[in-house]
Amino acid sequence: MFAVEPLAPAADVGGPGQPLLQVRGLSKQFPVRGGLRTRAGVVRAVDDVSFTVNKREVLGVVGESGCGKSTMARLVIGLIAPDKGDIVFDGEAVGDVLSLRDLRRRVQMVFQDSYASLNPRLTIEDTISFGPRVHDLAPNQARARAHDLLRKVGLDPALFAARYPHELSGGQRQRINIARALALSPRLVLLDEAVSALDKSVEAQVLNLLLELKEDLGLTYMFISHDLNVVRFMSDRVMVMYLGEIVEEAAAEVLWADARHPYTRALLAAMPSLDPDRRTETAPVAGDPPNPIDPPAGCRFHTRCPFAEAVCSTTKPVLMPTGNDRHAAACHIGDPASGHSSAGRRFTE
Amino acid sequence: MFAYALMRLIYVVPVALGVSLVCFLLVHLAPGDPLIAVLPPDASAQLEAEMRTLYGFDRALPVQFGLWLWRVLHGDLGTSIATGRAVSEEVWRAVGNTVMLAMLAAVIGFVIGVLCGFLAGYFRDRWVDRVVTTIAITGVSMPHYWLGMVLVIVFSVLLGWLPAVGAGPAGWAWNWEHVKHLILPAVTMSVIPMGIIARTIRALVGDLLSQEFVLALRAKGISEARVFLHVAKNAAPTAIAVMGLQLGYLLGGSILIETVFSWPGAGFLLNSAIFQRDLPLLQGTILVLALFFVFLNLVVDVLQATIDPRIKRR
Amino acid sequence: MVEIAIDLVRISHAEKSRGYWMTVARRLTRDPVIVACASIILLIASAAILAPWLGLADPYQGSMIRRLRPIGTAGYPLGTDELGRDMLTRLIHAGRLSLFIGLFPVALAFVIGTTLGVIAGYVGGLLNQAIMRTIDIFYAFPSVLLAVAISGVLGAGILNSLLSLTIVFIPPIVRVAESVTTGVRNLDFVDAARASGAGAMTIMRVHVLGNVLGPIFVYATSLISVCMILGAGLSFLGLGTKPPEPEWGFMLNTLRTAIYVNPWVAALPGVMIFIVSICFNLLSDGMRSAMDVRG
């Protein structure tokens, strides 16, 4: 790895059994302004979300726009303060044992818009060395580190260090984003739609780079995307979000083979295929996406769910294990005691 | 829309209050004892003591402000040291003259400005456009008080057609005797708004004409005249906003022109108030002019919101 | 090691990276109008600064016999003023004060206004409201009125003029600064900087300032011509310079009564104000266009 390592990654405190990240009851809502500057309501961007991320795994997070994925990422990294909930990193509570500054050395983020995420006035090496400089690394050491990181992401420092963002392609900028995220030697990297804006061929290169870096540096990822194929490729486990809540989580292959939530099934069915034998006849999901300011009562998905019944509009389903360890879904069909007519049965198809 | 007007009205109150506060503090900015500034020079010690209590100069500043504000809301702007008359009386009379001048200047500036702006916008980058742009930039860069002087030189001194100063014989009437005094100052004042409006309209019209909806209209075979109407409708809100703003500046910035032409408006009054160190008159004039400006902006905002459905509330 | 992308080959042949400002400078120097205006201003400014050493007549030396001589009089190429002083030398000397009064308040307002605006824009929340509402109140005055009011109350004098002009120009600059900063603040790279653990001051200095100074600066330059006119206007009203200091606005004032005797000499100081003002305006416009295209 690096010859001199003044910015070593934070030590492994909890050991291999300890999840790297534990989130409990995380909630964040935003007020919505009405006409006369009064509050017309709130958007529950993230609503009582709990999950864990294990060391060295890739947790994929999928959902439509507006489901709260990006907000959740920003909550985890501390860019937004949560209204409620705890975040525990490697056994240490954030805000308690870990200060925000400590958190910065452990969690970093790669943003989606590769252009807006780089300061157009700074050179590439200045951008990458900014983080280390903030954490008291000497300028020349920070520069050396920036050059090392550029090499690590496949860019020659001699050609790229002194350039400006507008002179580079999307793929190159995303590599630089990754280099910047790695500059503080984090252990957890949040990738918020990191490849969504790239061309397919470039996307493949960047994804491979990410996997290599993960192996090389022992990283853990949270991979947020709306693109199911990419998530499947990258992730060990996958979490599905809808309107600020987690509706299902499972190992990637398990999710694809045996999804237990109607929304997940709909997402999977909506993926277009080039196979003429697998045509989509009917739209998998009916109805318009509901207003996030006024989510439906009971199960938030019930207005668009083909299996919805009376119980779905009155009682909110809880995320519960489906029998298979580590596969949980929030649907009344999965709960034998819910009162749903199909409760306890598996989806056929 | 109604909600917007109401909201805007509510918003005016703190601004008006703030403006009043600044006007109030101005007097206390002046070097020396503010009481001395308010009293006539030959005041007796008794009068001084009376005034001190009346104005509350022996009380804390916020209390003084409260007293002053109370009086202002009842229309009492104090007494002019120079003339001994009520300030409100002087100011209202003068403001009337200024409004007359400003309105005429605004009309001239607006009409010619819009005309030139449209011409320039329609004939973008042709010689018409270049001429108009040059005139506009010239108008905006010119010290208007100097222009006034030049116009006086040309039309009064050299040609003798129009009078150089004043508003004519006492008492206003809409006859040539009086109106001829209005022409030069109004034209002078109209130059800056004309330039700004021409520039704005030109940019707006040029933008609109290059937009696709105009192309679509023309492709539908709609006559040029109706295209023009569409463009005009789209340009109207901004045009009105700019003109309203300019009118405000005309009212507030009239002092320079009125000084050149000795036009007996609020600006001229302000001038004499300054040089006679007549602080109550100074304060009253500034307050009235500033509040006029605030109120005018309110009207313009609401008007703009009425015409332009896209206005979003802040 | 991941393979380097093909387009790297293209990059290796490209020239050395060009800064944004170099592109702007190049664009500016190619425009004849800009060059002309800049030259004129430089000419007037240097003449003004070097005035005492240019071998001109004494600007304070008058002669009651030779009052208000017309332009082209022998020995007085631009005539004489109402106290018999040589106009040419008066005009050039006046440039010092006039240019200073036109530039200094804007420069000072730029510094103060940018600081306030960037802080208000970045920090947001209550601090933003406090700053912006206060600014709104000053913005609620028409500029001429505010300048005259403050000068009128403080009394005549250059220092008071400078003060009142600075106060007049701070609000518009704060508004522009705050608006631009708010726009930049929402961009991802500011979030990334926050995610690095940097403090607010560091982020403002390193990331925000570089991206907002450009637009604010261009806006500020557009205010120079207004400041020149307003500053001369204050002197014209007798609120600025005191005699016998030459200053264009003040000269216009004292020569006003002379328009019946020698109108063209009386108009000369205004010509100077006009020329300088229009040059600054065109320069500012040109700079805005030059900076408009994405560098």
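Start by selecting Leu190(A), Met222(A), Phe223(A), Met149(B), Ala290(B) and Ile173(C): of the 257 residues in the largest nonpolar core, these touch the most other members. A nonpolar core here is a set of buried Ala, Val, Leu, Ile, Met, Phe, Trp, Tyr and Cys residues joined through C-beta atoms within 7 Å. Buried means that 20 or more other C-beta atoms lie within 10 Å of the residue's own, with C-beta atoms placed from the backbone. This is a predicted model, in which local features need pLDDT of at least 70 and side-chain atom pairs count only at pLDDT 80 or more, while totals for chains, interfaces and linings use all residues. Residues are numbered from 1 along each chain as its sequence is written, and chains are lettered from A in the order in which they are written.

Next, select helix H9 (residues 200–236) of chain C, which gives the most to this core, with 16 residues. Helices are DSSP runs of H or I with at least four residues, strands are runs of E with at least two, and both are numbered from the N terminus.

Now show the whole of chain C. It has 11 helices and zero strands. Its radius of gyration, taken over C-alpha atoms, is 24 Å, well over the 19 Å that the globule rule gives for 295 residues, so chain C is more spread out than a compact globule. That rule is 2.2 Å times the number of residues to the power 0.38. Along its principal axes the C-alpha trace spans about 90 × 50 × 30 Å. Of the 295 residues of chain C, 47% count as buried.

Stay in chain C and select helix H4 (residues 87–123) and helix H7 (residues 158–185). Their axes come within 6 Å and cross at roughly 35°. Axes are lines fitted to C-alpha atoms, for helices over the stretch in contact, and angles run from 0 to 180 degrees between N-to-C directions.

Then turn to chains B and C together. Here 37 residues of chain B are in contact with 33 residues of chain C; contact means C-beta atoms, placed from the backbone, within 7 Å. On the side of chain B that touches chain C, H7(B) gives the most, with seven residues.

Leaving out residues up to four places away in sequence, Met149(B) touches Val260(B), Leu252(C), Arg256(C), Ile259(C), Ala266(C), Ala267(C) and Gly270(C).

How values were computed. Contact = placed C-beta atoms within 7 Å. Buried ≥ 20, exposed ≤ 12 C-beta atoms within 10 Å, placed from the backbone.
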